[in-house]
Amino acid sequence: MYKIQLNPTGTHFLDITDDHLNTIRKYALFRDLIDSNGYVDESVLNKLKLNVRSIIGSSTEDVRDLLHLAADVIYNDRMKAFGLRQLIILFVQWSSEAKNKEAEETTPAPEN
């Protein structure tokens, strides 16, 4: 479990699970989300909310994981652009660690 800060003053936090991060990866929610200016603002959060709503509305398969992510994190009443930026940073770090761990597991042990 991870904890992200939702506001600059540090008074609001949100718990993020590996399931949440796996769901973000599964649906590639952060791909092409941020404009070329690189800023995470309220319009980026609104774009993410619309993307999630669109995926849920148009999906014919089970999207319970996405519904949980939406309810717990994305549509959380305290989630603002600052919190989304923290979530993106966490996701990038988590993805990097997962790739490193995956690479270690697939690399054969040296023979003596």
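In this predicted model, the structure holds two aromatic pairs. One of them joins Phe30 and Phe91, whose ring centres lie 5.4 Å apart and whose planes stand at 90 degrees, so this pair is edge-to-face. Because Phe30 belongs to the loop between α1 and α2 while Phe91 belongs to helix α4, the pair ties together parts that are 61 residues apart in sequence. Phe30, Phe91 and Trp94 together form one aromatic cluster.

**Aromatic residues**

- A pair of aromatic rings is described by the distance of the centres and the angle of the planes.
- The angle of 90 degrees between the planes of Phe30 and Phe91 is to be read against the cut-off for edge-to-face pairs, which is over 60 degrees.
- Phe30 has a relative accessible area of 16% and is therefore buried, since the cut-off for that word is under 20%.
- Phe91, at 13% relative accessibility, likewise counts as buried.

**Overall architecture**

- The secondary structure of the protein comes to four helices and two strands, and these elements follow one another from the N terminus in the order β-β-α-α-α-α.
- Taken along the principal axes, the box filled by the C-alpha atoms of the protein is roughly 55 × 40 × 30 Å.
- The protein has 112 residues, and buried residues make up 32% of them.
- When contacts between residues at least 6 apart in sequence are considered, 64% of these contacts join residues that are at least 24 apart.

**Surface and charge**

- The protein exposes about 7600 Å², and carbon and sulfur atoms supply 49% of that area.

**The largest nonpolar core**

- The largest nonpolar core has 28 residues, and within this core Leu29, Phe30, Leu84 and Leu87 touch the most other members.
- Two or more residues of this core come from each of the elements β2 (13-16), α1 (18-26), α2 (42-58), α3 (64-74) and α4 (81-106).
- Of these contributions, that of α4 is the greatest, with six residues.
- Leu29, once its neighbours within four places in sequence are left aside, is in contact with Ile24, Leu48, Val52, Ile55, Leu66, Leu69 and Ile74.

**The loop between α1 and α2**

- Ala28 has its place in the loop between α1 and α2, and its phi is near 50 degrees, which is a positive value in a residue other than glycine.
- With 26% relative accessibility, Ala28 counts as partly exposed.
- Asp32 also has its place in the loop between α1 and α2, and the phi of Asp32, near 60 degrees, is again a positive value in a residue other than glycine.
- Asp32 has a relative accessible area of 66% and is exposed, because that word applies over 50%.
- Phe30, the aromatic residue described above, lies in the loop between α1 and α2 as well.

**Thr23 in helix α1**

- Thr23 lies in helix α1, and at 5% relative accessibility Thr23 counts as buried.
- Beyond residues up to four places away in sequence, Thr23 touches Asp65, Leu66 and Leu69, and two of these residues, Leu66 and Leu69, are also in contact with Leu29.

- Ile4 lies in strand β1 (residues 2-5) and is buried, with a relative accessible area of 4%.
- Not counting residues up to four places away in sequence, Ile4 touches His12, Phe13, Leu14, Ile16, Met79, Gly83, Gln86, Leu87 and Leu90.
- Among these contacts of Ile4 is Leu87, one of the residues that touch the most other members of the largest nonpolar core.
- Although Ile4 and Gly83 are 79 residues apart along the chain, their C-alpha atoms are separated by 7.0 Å.
- Ile89 counts as partly exposed, at 33% relative accessibility, whereas Ile4 is buried.

Terms used
Residues numbered from 1 in each chain as written. Predicted model: local features only at pLDDT ≥ 70, side-chain atom pairs only at ≥ 80, totals over all residues. Heavy atoms only, no water. Core = buried A, V, L, I, M, F, W, Y, C linked by side-chain atoms within 4.5 Å. Buried < 20%, exposed > 50% of the residue type's maximum accessible area, 1.4 Å probe, protein only. Contact = heavy atoms within 4.5 Å. Phe/Tyr/Trp six-rings, centres within 6.5 Å; stacked < 30°, edge-to-face > 60°. Areas by Shrake-Rupley, 256 points an atom, 1.4 Å probe, with all protein chains shown as cover.
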